[in-house]
Amino acid sequence: MSDGLVPDDLWERIAPLLPPRPPRRHRYPGRLPADDRAALRGIVYVLRKNVSWRDVPAERTGCSGVTAWRRLRDWTEAGVWPRLHEMLLAELRKAGLLDMDDCAIDGSHVRALKRGAHTGPSPVDRARPGSKHHLIVDRHGTPLAVKLTGGNRHDDTQLTSLLDLIPRIRGLAGRPRHRPGRLFADRGYDYDKYRRTLRARGITPKIARRGVPHGSGLGKTRWVVERTFAWLHQFKRLRIRYEIRADLHLGLLQLACGIICLRRLRTSS
């Protein structure tokens, strides 16, 4: 079966992170469980194509959509996706491809078709239910941390919690890196209390100020976060939130971040 959905380099990194399946019963063991790689194909297929889980083509992926959804649930609860993301960030740092001296932060609204945790009336979509993706990236647009909130949460309220989500990135001798040197943000973060918070953490704030003409020059560095949102939304499942369970939508978001990191490793090799 073709592995265009799950290439070898992706599978080799994910396989050691998967939790072991429980042993089969000796009596009435039932059907053989689907292969983990086939289940991952089904997850990636939904992530890329945005089909319903029941419409996952078993002849292409090797498993049913129901099985793929169950594995997504189990692997999300086991914390597979953030560990994959952290591993790939360490590989990027080891290869000299991670530049955290300049980082950028922003948020993006997505419509939520079904209600659930981390949804709220979106101020940019006529108060329809929505969610928000909050993202921080390095100078090259590599996603460092991502967070999901309700659509009515303001970007600035997630600044410190998003910084706290950046893992301690290893890959080089010495202390792990988890703090940007400078943080670029738009006018939505223009509050002195956040500037003080960043300086207290040893981070230089570069935040555009409200009420001043455009042309601050910060966009020369900040645009990379907008490009990363465009990369994420190439995964069609992330353009609109379909999952009622917030952890499953976040799991797909974290998997997409890991795939973006892996692409950067490939293009540099």
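This is a predicted model: local features need pLDDT of at least 70, side-chain atom pairs count only at pLDDT 80 or more; totals for chains, interfaces and linings use all residues.
**Exercise 1. Which polar atom lies 3.1 Å from the backbone nitrogen of Asp101?**

Residues are numbered from 1 along each chain as its sequence is written, and side-chain values use heavy atoms, with hydrogens and water left out.

*Solution.* 
- Step 1: Find Asp99 in the loop between helix 5 (80-94) and strand 1 (102-112). Helices (H or I, at least four residues) and strands (E, at least two) are DSSP runs, numbered from the N terminus.
- Step 2: Look at the side chain of Asp99; one of its polar atoms lies 3.1 Å from the backbone nitrogen of Asp101.

**Exercise 2. Find what else Asp99 meets, and decide whether Asp99 is buried or exposed.**

*Solution.* 
- Step 1: The Asp99 side chain makes a polar contact of 2.9 Å with the side chain of Arg139. A polar contact is a pair of N or O atoms within 3.5 Å; within protein, one must be able to donate a hydrogen and the other to accept it, and residues adjacent in sequence count only if both atoms are side-chain atoms.
- Step 2: Leaving aside residues up to four places away in sequence, Asp99 touches Asp138, Arg139 and His140 (contact means heavy atoms within 4.5 Å).
- Step 3: Asp99 counts as buried because its relative accessibility is 19%. Buried means under 20% relative accessible area, exposed over 50%, and partly exposed in between (1.4 Å probe, protein chains only).

**Exercise 3. List the strands that pair with strand 1, and say why strand 1 is largely enclosed.**

*Solution.* 
- Step 1: Recall that two strands pair if DSSP finds at least two bridges between them.
- Step 2: With strand 3 (residues 129-137), strand 1 pairs in the antiparallel sense over eight bridges; here Gly107 has His134 as its bridge partner.
- Step 3: With strand 5 (residues 182-185), the pairing is parallel, over three bridges, and Cys103 is partnered by Leu183.
- Step 4: Strand 7 (residues 240-241) runs parallel to strand 1, joined by two bridges, with Arg111 opposite Ile240.
- Step 5: Nine of the 11 residues of strand 1 are buried, so the rest of the structure largely encloses this strand.

**Exercise 4. Which residues form the covered face of strand 6 (residues 204-207), and which the uncovered one?**

*Solution.* 
- Step 1: Pro205 and Ile207 make up the covered face, Thr204 and Lys206 the uncovered one.
- Step 2: Ile207 is also the bridge partner of Ala185.
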